[in-house]
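Here is a short briefing to read alongside the sequence and the model. It covers a helix, a strand residue and a pocket.

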Amino acid sequence: QLTKDIPELDGPPITIAVYGFKDLTGQKKPNDRLALFSSAVTQGAEVFLIKALQDAKSWFKVVERVGLDNLIKERQLIRNQREVYEGKEAKPLKPMTVAGVMIEGGIIGYDSNIRSGGNGARWLGIGASQQYRVDEIVISIRLISINSGEVLLTNAVSKTIYSTQHNVGMLRF
């Protein structure tokens, strides 16, 4: 919905590279009863960043850099196959598009259960309860010039996540 309000760009799209957008928190999923080794936040956040850049109308041309090793291997396979079957006269691949800027950053903070509470009641084994929890996540992002290495923009944002759980139950022997 937010991308509908973005104005049109009055020039060619900006070629941008996203190499990765990692979880830098090291946080694991919270659990009161046992140790969990699953990460608390996503390990593939660059997917969401790339999609957001592509959804920004015609502002950005995103070039693949997350899977750069795989891309280079595939290009090498094509080059080798062409040389084997077409010889020295093989048509070369087009050069890869280079970016003018790149985005770096990641998820730098995840505080779980910064506030929690709830209430409930049971009478004769029948009752209901409600619990809530508040988590906070912090993301940092930088826009860097490929030409000079200069950090052009930097920003950090935080988001509070509210969770609730409602239970109704009956206990009978």
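Which helix and strands each supply at least two residues of the lining of the second largest pocket? They are helix H1, strand S5 and strand S6 (151–170). The model is predicted.

**The pocket**
- The second largest pocket has a volume of about 340 Å³.
- Its lining counts 16 residues. Leu49, Ile103, Ile141, Arg142 and Asn155 lie nearest the centre.
- S6 gives the largest share of this lining, 5 residues.
- By class, the lining has 13 nonpolar, 2 polar and 1 charged residues.

**Helix H1**
- H1 spans residues 45–55, and its buried residues are Ala45, Glu46, Leu49, Ile50 and Leu53.
- Viewed down the axis of H1, these buried residues fall within an arc of 135°, so they line one face of the helix.
- An α-helix has 3.6 residues a turn, so residues three or four places apart point the same way.
- Val47 and Phe48 are exposed, on the other side of H1.
- Lysine 57 follows H1 and has a positive phi, near 50°.

**Serine 140 in strand S5**
- Serine 140 sits in S5, which covers residues 126–145.
- Its relative accessibility is 16%, so serine 140 counts as buried; the cut-off is under 20%.
- Beyond its neighbours within four places in sequence, serine 140 is in contact with Phe21, Glu104, Gly105, Gly106, Ile108, Asn155 and Ala156.
- One of these contacts, Asn155, is also among the residues nearest the centre of the second largest pocket.

Methods. Residues are numbered from 1 along each chain as its sequence is written. This is a predicted model: local features need pLDDT of at least 70, side-chain atom pairs count only at pLDDT 80 or more; totals for chains, interfaces and linings use all residues. Side-chain values use heavy atoms; hydrogens and water are left out. Buried means under 20% relative accessible area, exposed over 50%, partly exposed in between (1.4 Å probe, protein chains only). Helices (H or I, at least four residues) and strands (E, at least two) are DSSP runs, numbered from the N terminus. The arc is that of the directions from the helix axis to the C-beta atoms. Contact means heavy atoms within 4.5 Å. On a 1 Å grid over the protein atoms alone, a cavity is a set of points where a 1.4 Å probe fits but cannot get out, and a pocket is an open set with protein on both sides within 12 Å along at least five of seven lines; lining residues have an atom within 4 Å of a point. Grid points are joined across faces, edges and corners, and a volume is the space filled by probe spheres set on the points. Ala, Val, Leu, Ile, Met, Phe, Trp, Tyr, Cys and Pro count as nonpolar, Asp, Glu, Lys and Arg as charged, and the others, Gly among them, as polar.
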